[in-house]
Amino acid sequence: MHPPRHLLESVQLLAELSDIYGVRAHGRYGLSQVTQRMHAIQCASLAQAQGFAPTLVVAALLHDIGHMVHDLGEHPAAEGIDDHHEAIGSRWLARYFPPSVSEPVRLHVAAKRYLCATDKSYIDKLSRDSIESLALQGGPMSASEVAAFQTEQFWRHAIALRRLDDAAKDPDAPLLAFEAFLPLIETALGADDESIALMDESRR
Ligand code: FE
C-alpha cells in the first residue's frame, strides 16, 4: 500500500516534478542526442499513442527520475559506475504512486537484461550506451533469472516500458510540455493499488 495522500501533498509533488523536469532534466540522456526531459516526454507520448494505461504512461514519463535525483553526473556508465537509477527512482516514486507505476520503473533495467536473453533481434538494436551499461548491470539474464523475472507481478509492464524507453531517443520528435501530463499524473496518483491494467480500458 502506498501512503494516503492529501491535496497539499499532491500539489507539492506536482510542483516538485515540474521543477525536476523543468530545471534538472536538461542533461543529455546518456550518449543520445536528446535531453532527459525530451526522452521522458517522448517515452510518455509513445505510451499514450499506443494506448497504454495512465499508470504506464506515467511510469514511462518518470522512469528515469532516478538519474535526476542523484549526483553521479550525466553519464556515469562511461566511468564504469552503475547508478542503480531504477532502484533510486522506484523508491522515490513508491512514496507517492501505486506499484503499477513504481514497479515497472524498478524492473525496467532487468527488462533490458531479460530481452537480451530472450529476443535475438533486441541486442542488435540497442544503443551504444545501453550496451555499455548492460555489462555493468549484469549482462543478459540466465535461464533461471528469466524464470524468476516472469514471476514479478508487473513484468509485462516492465517489458512494455523498456520497449518504449528504447524507442524514445529521436531528437526530431515533436514534444509536448511536461505540464501536459499533469492530469495523467493526478489520475495515476489515485489509481487503485491493485490495478494491473496494461492497456487503457477507456480506449477499447
Ligand atoms: Fe530511459
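Here are a few exercises on this predicted model, each with a worked solution.

Residues are numbered from 1 along each chain as its sequence is written. Because the model is predicted, local features need pLDDT of at least 70 and side-chain atom pairs pLDDT 80 or more, while totals for chains, interfaces and linings use all residues; side-chain values use heavy atoms, with hydrogens and water left out.

**Exercise 1. Work out how many helices and strands the chain has, and how its radius of gyration compares with the globule rule.**

Start with the elements: DSSP runs, numbered from the N terminus, count as helices (H or I, at least four residues) or strands (E, at least two). The tally is 11 helices and 0 strands. The C-alpha trace spans about 45 × 35 × 30 Å along its principal axes. Finally, look at contacts (heavy atoms within 4.5 Å). Among those between residues at least 6 apart in sequence, 76% join residues at least 24 apart.

**Exercise 2. Find the largest nonpolar core and say which element gives the most to it.**

You need two terms here. Buried means under 20% relative accessible area, exposed over 50%, and partly exposed in between (1.4 Å probe, protein chains only). A nonpolar core is a set of buried Ala, Val, Leu, Ile, Met, Phe, Trp, Tyr and Cys residues joined through side-chain atoms within 4.5 Å. The largest one has 38 residues, and Leu 17, Leu 62 and Ile 185 are among those with the most contacts inside it. Elements giving it two or more residues include H1 (7-24), H3 (54-62) and H11 (182-189). H3 gives the most, with 7 residues. A second, separate core of 15 residues includes Leu 107 and Tyr 122.

**Exercise 3. Classify the ring pairs Tyr 21 with Phe 178 and Phe 149 with Trp 155.**

Rings of Phe, Tyr and Trp (its six-membered ring) pair if their centres lie within 6.5 Å; planes under 30 degrees apart are stacked, over 60 edge-to-face, and the rest tilted. That rule gives 5 aromatic pairs. For Tyr 21 and Phe 178, the numbers are 4.7 Å and 5°, a stacked pair. The partners are 157 residues apart, with Tyr 21 in H1 and Phe 178 in the loop between H10 and H11. Both Tyr 21 and Phe 178 are buried. Phe 149 and Trp 155 have centres 6.2 Å apart and planes at 70°, so that pair is edge-to-face.

**Exercise 4. Check the span of H2 and find what covers its buried residues.**

The expected span is 1.5 Å times one less than the number of residues. For the 14 residues of H2 that should be 20 Å, and the end C-alpha atoms are 20 Å apart, which agrees. Its buried residues include His 39, Ile 41 and Cys 43. The cover over the buried residues of H2 includes H1, H3, H4 and H10.

Terms used: The radius of gyration is taken over C-alpha atoms; the globule rule is 2.2 Å times the number of residues to the power 0.38.
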